[in-house]
Amino acid sequence: MKSKKILITGANGQLGRVLAEELRNKYGREAVLVSDIQKITEDQAPFEFLDILNTVRLKEIIGDHQITEIYHLAAILSAGGEYNPLKTWNINLNGLISILELAREFSLDKVFFPSTIAVFGKTTPRENTPQDVPLLPTTVYGISKTTGELWCNYYHKRYGVDVRSLRYPGIISYQSIPSGGTTDYAVEIFHAAIKGEMYKCFLKEQTRLPMMYIDDAIRGTIELMEADAKAINVRYGYNLAAMSFTPEEIYHSILNYYPDFKIEYEPDFRQEIASSWTESIDDSAARNDWGWKENYDLESMVQIMIEELRKQYQIQ
Ligand code: AKB
């Protein structure tokens, strides 16, 4: 049996950096190869430059490093994707198809595909959104992820590829400042509060969206990947939930720590994207199939974000 060797694509994004660290803590540094189109720090080794559209190089990397599992995170997000829809489709969908095809060719043990609440659209029930619902996404990101889910399901049914997937809500983390997403406001707002700046929010105050603290997202991902294959009944994206809040609610939670903090609302094109998504998620399939349960709610997430960012900004 080959020893576990994980490849993470798009490893320098918001999820990838934390996931790589966690997987390296668990399986050892050499067992996790990270790749991206840019190198962020010198100590990322083992690292490979990889443009996900370069299938020849992707194949070489899988072969040369004897990869057994891929976490395929490389993608362009909802807001960023709207600036270049065809490029987004190409990267998000054709990148995934290369991964699935190579997973089949190399008989990889497992593949992880991150899906998202962006698969939902105006025809989806907005509250407590069930697992199986009409999907009519409005962004190219959402279209690419919806189609990606179908391809994952197809490769599993047709070729037996052990592909697993989660529909992530907005992820809140202190390790990096995300860009290109519609839920990014929920990270930016903390940085503004801690720096003593006013925050200009690009969503309306009442826009409720599903969200999750990074530790829950990473733990959920690894738990799904480690679950017994027989327990996995959903081969497209599992709904996954932790909390839902509006900009006004998170602002009020932050006020408990920074009473002088000010916010203004200046909605831009991202408002329309957010309004097309759902407000809260029914993730009972994930809870029943492989035991998903979140640890963080709004209050505990705000507390840990402020503690961690104060350390980062060296504020007592
Ligand atoms: C985005 O806002 O585009 C992402 C997502 C919800 O998938 N954070």
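Q: In which sense do strand β4 and β5 pair?
A: Quick caveat: this is a predicted model, where local features need pLDDT of at least 70, side-chain atom pairs count only at pLDDT 80 or more, and totals for chains, interfaces and linings use all residues. Residues are numbered from 1 along each chain as its sequence is written, and side-chain values use heavy atoms, with hydrogens and water left out. Strands here are DSSP E runs of at least two residues, helices are H or I runs of at least four, both numbered from the N terminus, and two strands pair if DSSP finds at least two bridges between them. β4 (residues 69-72) and β5 share three bridges, and the sense is parallel.

Q: Which residue in β5 stands opposite tyrosine 71?
A: Look across to β5, which spans residues 110-116. The residue facing tyrosine 71 there is phenylalanine 112.

Q: What is the bridge partner of proline 114 in β6?
A: β5 also pairs with β6 (residues 163-168), in the parallel sense over six bridges. Within β6, proline 114 is partnered by leucine 166.

Q: Are the residues of β5 buried or exposed?
A: Buried means under 20% relative accessible area, exposed over 50%, and partly exposed in between (1.4 Å probe, protein chains only). Lys110, Phe112, Pro114 and Thr116 point one way, while Val111, Phe113 and Ser115 point the other. Both sets are buried.

Q: Which residue meets lysine 4 in a salt bridge?
A: A salt bridge puts a side-chain nitrogen of Lys or Arg within 4 Å of a carboxyl oxygen of Asp or Glu. Lysine 4 is partly exposed at 31% relative accessibility, and its N-to-O distance to the partner is 2.5 Å. The partner is buried at 4%: glutamate 69.

Q: Why does the salt bridge of glutamate 105 and lysine 59 tie together separate parts of the sequence?
A: The two side chains meet at 2.8 Å, N to O. Glutamate 105 lies in helix α4 (residues 85-105) and lysine 59 in helix α2, so the parts they tie together are 46 residues apart in sequence.

Q: How many disulfides does the count give?
A: The rule asks for a pair of cysteine sulfur atoms within 2.5 Å. Cysteine 152 is buried at 0% relative accessibility, and cysteine 201 is buried at 0% too. The disulfide count comes to zero.
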